[in-house]
Amino acid sequence: SFPTRRSSDLLLPFSSGEKIAITVSKLDSGAFSGLIFYAHTQNSYSCFTNYLSADYGQVGDSCKINFTGVSIPANCTSGNVPADGFAYFIPLTDGTHSLTIKLNNNTYTGSVIKAGSTYTINWSYTSGVTISPSTL
């Protein structure tokens, strides 16, 4: 998941025009069923060991991610790479769940529909925050 930011880590703001691509995977093992959202930035940031900083969670039928910046650990390893991290929404029950993602003061909204073991992600954005695949 998105690591807990340590007080010694530096939080960098996102580069101007930053975009985040999210790849979704299904987790369906026995009693647990849900989705994992793997996110990475388009731009690279200093420090090979950087990571995406975000708050995420589920409240009722709402799934939310708020990307807050890129964290640079105090024990940084040199290099420029995209920042990444993942969020998981487990369990997801059958039905429609709202999906809200925030990046750079922009709010993106869509939904996740679960029907049995099939998930459909309704997401109309082609820039800013993109999500694929739309059906799992």
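Author: A residue counts as buried under 20% relative accessible area, as exposed over 50%, and as partly exposed in between (1.4 Å probe, protein chains only). By this scale Tyr 56 is partly exposed, at a relative accessible area of 26%. The structure is a predicted model, in which local features need pLDDT of at least 70 and side-chain atom pairs pLDDT 80 or more, whereas totals for chains, interfaces and linings use all residues. Residues are numbered from 1 along each chain as its sequence is written, and side-chain values use heavy atoms, with hydrogens and water left out.

Reader: How is a sheet to be read, and in what order do the 4 strands of the open sheet stand?

Author: Strands of a sheet pair through backbone hydrogen bonds, in either a parallel or an antiparallel sense. Strands here are DSSP runs (E, at least two residues), numbered from the N terminus, and two of them pair if DSSP finds at least two bridges between them. The open sheet has the order β6-β3-β2-β10, with mixed pairing. Strands β6 (80-89) and β10 (129-132) stand at its edges with a single partner strand each, so one side of each has no neighbour in the sheet. From one strand to the next, the twist averages 25 degrees, taken between N-to-C directions of lines fitted to C-alpha atoms, on a scale from 0 to 180 degrees.

Reader: Over how many bridges do β2 and β3 pair?

Author: Strand β2 (residues 20-29) and strand β3 (residues 32-46) are antiparallel and share 10 bridges. Within this pairing, Ile 22 has Ala 39 of β3 as its bridge partner.

Reader: Which strands form a hairpin with 2 residues between them?

Author: Those strands are β4 and β5; in their turn, Gly 60 has a positive phi of about 60 degrees. Strand β4 (residues 51-59) runs antiparallel to strand β5 (residues 62-72), and 9 bridges join them. Opposite Gln 58 stands Cys 63 of β5.

Reader: How many aromatic pairs does the count give?

Author: Rings of Phe, Tyr and Trp (its six-membered ring) pair if their centres lie within 6.5 Å; planes under 30 degrees apart are stacked, those over 60 edge-to-face, and the rest tilted. The count comes to 5 aromatic pairs. In one of them, the rings of Phe 37 and Phe 89 have centres 5.3 Å apart and planes at 85 degrees, so the pair is edge-to-face. Phe 37 belongs to strand β3 and Phe 89 to strand β6, so this contact ties together parts 52 residues apart in sequence. Both Phe 37 and Phe 89 are buried. Tyr 56 and Tyr 88 also form an edge-to-face pair, at 5.7 Å centre to centre with 75 degrees between the planes. Since Tyr 56 lies in strand β4 and Tyr 88 in strand β6, the pair ties together parts 32 residues apart in sequence. Phe 37, Tyr 56, Tyr 88 and Phe 89 form one aromatic cluster.

Reader: Is Tyr 88 buried, partly exposed or exposed?

Author: Tyr 88 is partly exposed, with a relative accessible area of 38%.

Reader: Which side chains meet in a salt bridge?

Author: Side chains of opposite charge can pair when their charged atoms come close. The salt bridge requires a side-chain nitrogen of Lys or Arg within 4 Å of a carboxyl oxygen of Asp or Glu. The whole structure holds 1 salt bridge. Asp 94 and Lys 114 form a salt bridge at 3.3 Å, N to O. Asp 94 lies in the loop between β6 and β7 (95-103) and Lys 114 in strand β8 (residues 106-115), so the pair ties together parts 20 residues apart in sequence. Lys 114 is buried, at a relative accessible area of 11%.

Reader: Which residues other than glycine have a positive phi, and which peptide bonds are cis?

Author: Most residues other than glycine have a negative phi, and most peptide bonds are trans. Cys 47 has phi near 90 degrees and is located in the loop between β3 and β4; at 2% relative accessibility, Cys 47 counts as buried. Asn 105 has phi near 65 degrees and lies in the loop between β7 and β8; at 84% relative accessibility, Asn 105 counts as exposed. The peptide bond from Ile 90 to Pro 91 is cis, with omega near -5 degrees, and Pro 91 belongs to the loop between β6 and β7. The bond from Ser 132 to Pro 133 is cis as well, with omega near -10 degrees; Pro 133 lies in the segment after β10.
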